[in-house]
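Let's take a friendly walk through a protein model. Have a look at the sequence and the fold, then read on.

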Amino acid sequence: MYLGRVIGCVWATVKSPLLEGMRLLVVQPLTPELQNTGKRLICTDCTGAGAGEIIYWVRGMEARFPFMPALPPCDTTIVGIVDSVDLNRRERAPANPPAAAPANPPAAVPGGRRHARKA
Amino acid sequence: MLIARVVGELVATQKHPSHEGRKLLLVQPLNLDGSDRGDAVVALDAVDAGVGDRVLLTTEGFSAMTSVGRRQSPIDMAVIGFIDQIELLPDVLL
């Protein structure tokens, strides 16, 4: 399993019927210090994770097991939402603080599409 | 299997039911000389390891699932042993 942060989501109207109704999220892999590492990827989700949350995801055939008995064609799945990361037991920082409001919320573009780019 | 060091623990409330009741560890895979090998990963604990322990890490799904006793569950890494000592031939280059 690997640490990651949800940075967006993917809509696909034409897809495998086995993927119908499943959420596809864009995930940025993280180091234990919650720094970005590696390339971003698309994960299916079995936990209800939302944008900005720290999660952990699983890779390989195991990614299909949360959806048993259906076996959708996916190879990465988010299997947990991380509450806190306890590094060396020195500090216990919440990974997803409950009242985390963005300091500078992005201005809404009237009539425009919301860009899912990472801030 | 890889040699790894436990560097931290994760707390997750919302997770797949098969992960409940097992510790989630952050483990850093190591080279033979003890240096870091790639990025740290999240693994389920099958042997009650703690932070700082040098452990054996399996990175294959079937072994990981069976070692924590949860068949057909989304687990691809597990800590399956403690390493006490590694002995190498004297001419092995690290």
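A nonpolar core is a set of buried Ala, Val, Leu, Ile, Met, Phe, Trp, Tyr and Cys residues joined through side-chain atoms within 4.5 Å, where buried means under 20% relative accessible area, exposed over 50% and partly exposed in between (1.4 Å probe, protein chains only). This is a predicted model, in which local features need pLDDT of at least 70 and side-chain atom pairs count only at pLDDT 80 or more, while totals for chains, interfaces and linings use all residues. Residues are numbered from 1 along each chain as its sequence is written, chains are lettered from A and ligands numbered from 1 in the order in which they are written, and side-chain values use heavy atoms, leaving out hydrogens and water.

**Chain A overall**

- Chain A has seven strands and zero helices; helices (H or I, at least four residues) and strands (E, at least two) are DSSP runs, numbered from the N terminus.
- Of the 119 residues in chain A, 42% are buried.
- The accessible surface of chain A (Shrake-Rupley method, 1.4 Å probe; for residues, only the protein chains shown count as cover) is about 7400 Å², and carbon and sulfur atoms account for 56% of that surface.

**The nonpolar cores**

- The largest nonpolar core has 24 residues, and those touching the most other members are A:Met1, A:Leu3, A:Tyr56, B:Leu10, B:Leu24, B:Leu26 and B:Val42.
- At least two residues of this core come from each of these elements: E4 (54-59) and E6 (84-87) of chain A, and strands E1 (2-11), E2 (24-29) and E3 (41-45) and helix H1 (61-67) of chain B.
- Strand E4(A) gives the largest share of this core, three residues.
- Another core, of 22 residues, lies apart from it and includes A:Cys43, A:Trp57, B:Ala43 and B:Ala49.
- In soluble globular proteins, nonpolar side chains tend to be buried together.

**The barrel in chain A**

- Five strands of chain A close into a barrel in the order E1-E2-E3-E5-E4, with mixed pairing; two strands pair if DSSP finds at least two bridges between them.
- Five bridges link E4(A) to E5(A) (residues 76-81) in the antiparallel sense, and A:Trp57 stands opposite A:Ile78 in E5(A).
- Is A:Val79 buried or exposed? This residue of strand E5 of chain A is buried, with a relative accessible area of 0%.
- A:Val79 has contacts (heavy atoms within 4.5 Å) in both chains, including A:Tyr56, A:Trp57, B:His16 and B:Pro74, not counting residues up to four places away in sequence.

**Strand E1 of chain B**

- Seven of the 10 residues in E1(B) are buried, so this strand is mostly covered.
- E1(B) pairs with E6(A) in the antiparallel sense over four bridges, and A:Leu87 stands opposite B:Gly8.
- Within chain B, E1(B) runs antiparallel to E2(B), joined by six bridges, and pairs antiparallel with E4(B) (residues 54-58) over four bridges.
- B:Arg5 stands opposite B:Gln28 in E2(B), and the bridge partner of B:Arg5 in E4(B) is B:Arg54.

**Cysteines**

- A disulfide is a covalent bond between the sulfur atoms of two cysteines.
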